[in-house]
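Please look over the chain shown below before reading on.

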Amino acid sequence: MKHSSYNLPNFINVIYRKVENNLRAETIDLARFNQYCLAVLLYYLKHYRDSIVGLPFSQNDDATFQHLCKACHFRVADDGEGLERKLLVGLSPELFGDAGLVSRIQLLVNHFAQYEVLKDHSHNSDLLRGEYDTACIHLESLRKEFRLSARFKYNKSKRKDNPFFKGGVEVNIPEEMIMPPSEVAGTEAAETQS
């Protein structure tokens, strides 16, 4: 079986290990969690691709994102905190509105993905810097809530990622979950006409 592979930061594994029992209670397995995390990362890459020069996001990435959302019922929604931010939700296949712990996990993954996309580019503009700082504040708050390892180790003036953020998690997308860019364009056109 052919499949497409993506690498996610190792911190996704750290999150999963911390919340595994809660996810299993909601019938969310590791494969769905990783697919959700990949979709969230692709969502932020797509969101910032026009603001950040050279941000890697291809037609194939867009096709993967669109099809993951369609096949797994991930969707864009308000953050639920009244701040009019858009997040990718749908981690739980059975919850509408995703109340409680699952929504906190979704917030954690969204803020981490936003941080990952912006961390090397926030110096490009004041707007990106503000969004990066906000993502960091939310990520730190949620990191403490879930008792995850510290995000930064401080070295006098230089801020460095914790080793838990190094490495990667391979996510395989089976061929039947991938749509070629031409099919994605056709699907979007059909949705626009209806």
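Helices (H or I, at least four residues) and strands (E, at least two) are DSSP runs, numbered from the N terminus. Read from the N terminus on, the elements of this chain follow the order β-α-α-α-β-β-α-α-β-β-β-α, with 6 helices and 6 strands in the chain. The model is predicted, and local features need pLDDT of at least 70, side-chain atom pairs count only at pLDDT 80 or more, while totals for chains, interfaces and linings use all residues. Residues are numbered from 1 along each chain as its sequence is written, and side-chain values use heavy atoms, with hydrogens and water left out.

**Burial and contacts**
- Of the 194 residues in the chain, 45% are buried, where buried means under 20% relative accessible area (1.4 Å probe, protein chains only).
- Among contacts (heavy atoms within 4.5 Å) in the chain between residues at least 6 apart in sequence, 64% join residues at least 24 apart.

**Aromatic rings**
- Rings of Phe, Tyr and Trp (its six-membered ring) pair if their centres lie within 6.5 Å, and planes under 30 degrees apart count as stacked, over 60 as edge-to-face and the rest as tilted.
- A search of the whole structure finds 7 aromatic pairs.
- In one of these pairs, the ring centres of Y16 and F33 are 5.4 Å apart and the planes stand at 45°, so the pair is tilted.
- Because Y16 lies in helix α1 (residues 11–25) and F33 in helix α2 (residues 30–48), this pair ties together parts that are 17 residues apart in sequence.
- Y16 is buried, with a relative accessible area of 6%, and F33 is buried as well, at 0%.
- Ring pairs also link F11, F112, Y115 and Y132 into a cluster.

Notes: Buried means under 20% relative accessible area, exposed over 50%, partly exposed in between (1.4 Å probe, protein chains only).
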